[in-house]
Amino acid sequence: MPAGTAAGAVPETGALDALARALLDTASLTRVMPEPVRVAPAAPFPGGTSSAQALLDRVTGALGLPGLAVVPEPGPLPAAELAVSRRLALRPPPGGAPGGDLLDGVARRALTAFPGRPVVVPAHDGTPLRCWAAGPEGAPAVAVVSACGMPSGLSVRWMAALSSTHRVVTWESRGLFAAEDGSGLGELKGHGLDVQGDDLLAVLDGFGIRGAHAMGLCGGAAIALSAAARSDRITSLSLWHGDYELGGGAPKTAHQRDMESLLAMAARGRRQAAGMHRLMSRPPTLEVLRPDIAHYLIHPYATPELLYRYGLLNGAIMSTDCRPLLATAPPALVVTSAKDSTAHPAGSAYVAAHLPRAELRTLPEGDHLTAFDAGSELVGLARRFLCDMTTEDRKGT
């Protein structure tokens, strides 16, 4: 009988599997925040915080993740630690503490779950990029270009939706994610929109992909446009709820204007970013974030250094004029929603009107974040466009 398991009890592997997946899902935060990250249980443990701590120590150890410190209640926790606590939803496992063999199985399933472990690909300036790939090799390729600073988990639904028929690749923004070997963030060698567009091409290089459809979401739409303007290896585009700088060509929402100001202040220097971080770390920050993805959205604000680098990277995306990138772009699907109060739909309408070959779809429902949910309507729209592009490619050959 495994140690710590009562006679006749069988540990509930489903609960342990969920905990292991949640720990990996929040690892982007726990690897980059000062150790130990504090978490509060979602339910009392029979043995108090010591038994909760013992459980976490065993599971994080099996997964090779940084240790966490259990606190009795979430009251004193800043926003990032509260987001981790909510995602873990730490409860006593039914059936008692896991034994060694059981824990090995839990860790193995979690570590091999879709989309698997990251592959490190060098950018053109040598910066390591954490990348993922799914789907059959040799199938038509799709590069998912997510919002700047967002962990890969925010893109997983799109990867899963498209990888049955396509080779889908994605990566995380340069300089904003700690290496799994504990070596930290590394140097931020460049941050311009052109540099980030080149990162997309470097990811294709890393996976041996000659040409790909680029699917840009939020600020990732500007990165996809930048890559397409620099290389004909981007054979088609889909731009979802894009966040664009278009000069006087289109208005911006209050959110876009506020974000530009915030990022500009954070990018002025590490001292300014540290002061802003103190203000933004209060738990009320989470009140406007969906609890299922709050741990992703809060990542670039989790430490003063991250906020400084995010100011540089996303600041470049939001302030670089995209109009020169529109003249030579490949066929494109441009998607927005009349209810998007984050990135103004007029920006998408302008982009679609000025691209040489673009179709604009303004949906009646859906906000900015639902673009990442890969709902059935959006997936169907994406698949139809990809099918059309594949048919067009075949006719061209």
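Ala, Val, Leu, Ile, Met, Phe, Trp, Tyr, Cys and Pro count here as nonpolar, Asp, Glu, Lys and Arg as charged, and the others, Gly among them, as polar. The model is predicted, so local features need pLDDT of at least 70 and side-chain atom pairs pLDDT 80 or more, while totals for chains, interfaces and linings use all residues. Residues are numbered from 1 along each chain as its sequence is written.

**Pockets**

A pocket is an open set of points on a 1 Å grid over the protein atoms alone, where a 1.4 Å probe fits, with protein on both sides within 12 Å along at least five of seven lines; lining residues have an atom within 4 Å of a point. Volume is the space filled by probe spheres set on the points.

| Pocket | Volume | Lining by class |
|---|---|---|
| Largest | About 1,000 Å³ | 25 nonpolar, 11 polar, 5 charged |

In the largest pocket, 41 residues form the lining; His-255, Met-259, Leu-289, Leu-297 and Tyr-301 lie nearest its centre. Helix α9 gives the most, 5 residues. Helices are DSSP runs of H or I, at least four residues, and strands are runs of E, at least two.

The second largest pocket has 30 lining residues, with Leu-24, Asp-25, Gly-153, Val-156 and Tyr-296 closest to its centre. Helix α1 is among the elements that supply at least two residues to this lining.

**Helix α1**

Helix α1 covers residues 13–25. Its buried residues (under 20% relative accessible area, 1.4 Å probe, protein chains only) include Leu-16, Leu-19, Leu-23 and Asp-25.

Methods. Side-chain values use heavy atoms; hydrogens and water are left out. The expected span of a helix is 1.5 Å times one less than its number of residues. Buried means under 20% relative accessible area, exposed over 50%, partly exposed in between (1.4 Å probe, protein chains only).
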